[in-house]
Structure formats: C-alpha cells, structure tokens
Amino acid sequence: MQKVLGGKDFDIFIGDSMVHVIEAAVKITDGRVAKMVRGIPKGFVDGPVSGEVTLKLDHENWLIVQAQAEKAGSWKGIEPFDVAFNAEVTAGKKNIEAFGCLPQLEDLLNIKAEGGEEDTTSIKCPITSPDFVKINGVPYLTYDEVRDL
C-alpha cells in the first residue's frame with residue numbers, strides 16, 4: 001500500500017518564507033470556449049485566463065505576511081510574490097508554482113465568541129505575472145501566449 005499525496009505533505013513558500021496553512025487553493029479560469037456553428041460545436045477560440053491563490057492562515061503564519069506589510073509600509077504596498085506548493089511521496093509528486101501573487105486580505109478576522117477555534121485570516125492573491133502557473137515545471141500557458149510580454 002502506497003502513501004498517497006495529502007495536504008500534510010506540502011511545503012508552502014511565500015517568496016522565500018515557508019508558511020503552514022490551514023487551507024490553500026490555486027484556481028485557474030481558462031476562457032477558451034467552443035465555437036458553435038448552427039448550435040453544434042466546431043472547434044474553439046481562445047479567451048482570457050486568470051488565476052488566484054487563496055491561503056487560510058493561523059495567526060502565527062499570518063505574522064509572516066504581516067512582516068512583509070511592515071517592511072513595505074502598508075498592506076497594499078506589498079509587492080506581488082511567488083507562491084510555491086511542493087510535495088513528494090512514494091506515489092508521486094505535485095509541485096505548483098504561482099507567479100506574481102498580489103496579496104489582498106479577504107477574511108481579516110474569523111473567530112467564534114464561545115472559543116474552541118483559533119483565529120484565522122484568509123488572503124486571496126490574484127496572479128499577475130505572465131509566468132502565471134507551472135505544474136511540475138510545465139507552464140500552463142503556451143509560449144505563443146506569453147511571447148514578448
């Protein structure tokens with residue numbers, strides 16, 4: 001029986017800083033659409049692409065991002081950073097890199113008055129770089145899409 005890849009297997013880096021997340025997601029919206037002729041699909045046309053990283057952090061790991069805000073002089077002053085998710089187990093590896101992630105605080109405070117759960121903060125990060133996303137070292141976008149950008 002092989003160990004399968006799970007959330008505990010990932011090392012996550014914001015820039016050069018390792019963080020531990022409660023939850024994380026990398027989402028891509030690919031705007032390719034089917035071309036229709038008389039209501040029947042016949043090929044496709046390219047459309048816009050976008051991506052977003054979402055990180056849910058406990059207070060200790062949120063402080064790592066706060067240090068970047070302090071250094072920048074404000075939260076909105078934080079320059080876009082790269083986020084890497086790296087994991088490898090016997091069954092295989094999964095390395096996701098998202099480039100030019102622009103941090104935006106989403107859920108600044110998430111508490112329950114009766115206690116029993118720690119405070120969490122969610123940060124969404126739209127992807128702003130033409131390097132976009134690499135999956136196990138393979139770029140999501142084609143060379144033709146990003147040439148001369």
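Start with Val53: setting aside neighbours within four places in sequence, this residue is in contact with Ala25, Val26, Val83, Phe85, Ala98, Cys101, Ile123, Lys124, Cys125 and Ile127. Keep in mind that this is a predicted model.

**The core**

Val53 also turns up in the largest nonpolar core, which has 22 residues. Val53, Phe81, Val83, Phe85, Cys101 and Ile127 are the members that touch the most other members.

**A closer look at Thr120**

Thr120 sits in strand S10. Is Thr120 buried or exposed? Its relative accessible area comes out at 8%, and because the cut-off for buried is under 20%, Thr120 counts as buried. Leaving out neighbours within four places in sequence, the contacts of Thr120 are Ile22, Lys56, Leu57, Asp107, Leu108, Leu109 and Asn110.

**The sheet**

Next up is an open sheet of 6 strands, with antiparallel pairing and the order S2-S1-S7-S8-S11-S12. Which strands stand at the edges? Those are strand S2 (17–19) and strand S12 (138–139); each has a single partner strand, so one side of each is left without a neighbour in the sheet. Further in, S8 pairs with strand S11 (residues 133–135) in the antiparallel sense, over 3 bridges. As for residue partners, Ile96 has Ile135 in S11 as its bridge partner. Helix H1 packs on the sheet, where it touches S1, S2 and S7. The direction of H1 makes about 150° with that of S2.

**Helix H1**

How far does H1 reach from its first C-alpha to its last? With 14 residues, H1 spans 20 Å, close to the 20 Å expected at 1.5 Å a residue. There is still a bend of about 25° in H1, at Val65. Val65 is also one of the buried residues of H1, along with Asn61, Trp62 and Ala69. What covers these buried residues includes S1, S2, S6, strand S9 (104–107) and S10.

Conventions:
Residues numbered from 1 in each chain as written. Predicted model: local features only at pLDDT ≥ 70, side-chain atom pairs only at ≥ 80, totals over all residues. Heavy atoms only, no water. Core = buried A, V, L, I, M, F, W, Y, C linked by side-chain atoms within 4.5 Å. Buried < 20%, exposed > 50% of the residue type's maximum accessible area, 1.4 Å probe, protein only. Contact = heavy atoms within 4.5 Å. Helix = DSSP H or I, 4+ residues; strand = E, 2+ residues; numbered from the N terminus. Pairing = 2+ DSSP bridges. Axes fitted to C-alpha atoms, helices over the stretch in contact; angles between N-to-C directions. Expected span 1.5 Å × (residues − 1). Bend = angle between axes of the 7 residues up to and from the residue.
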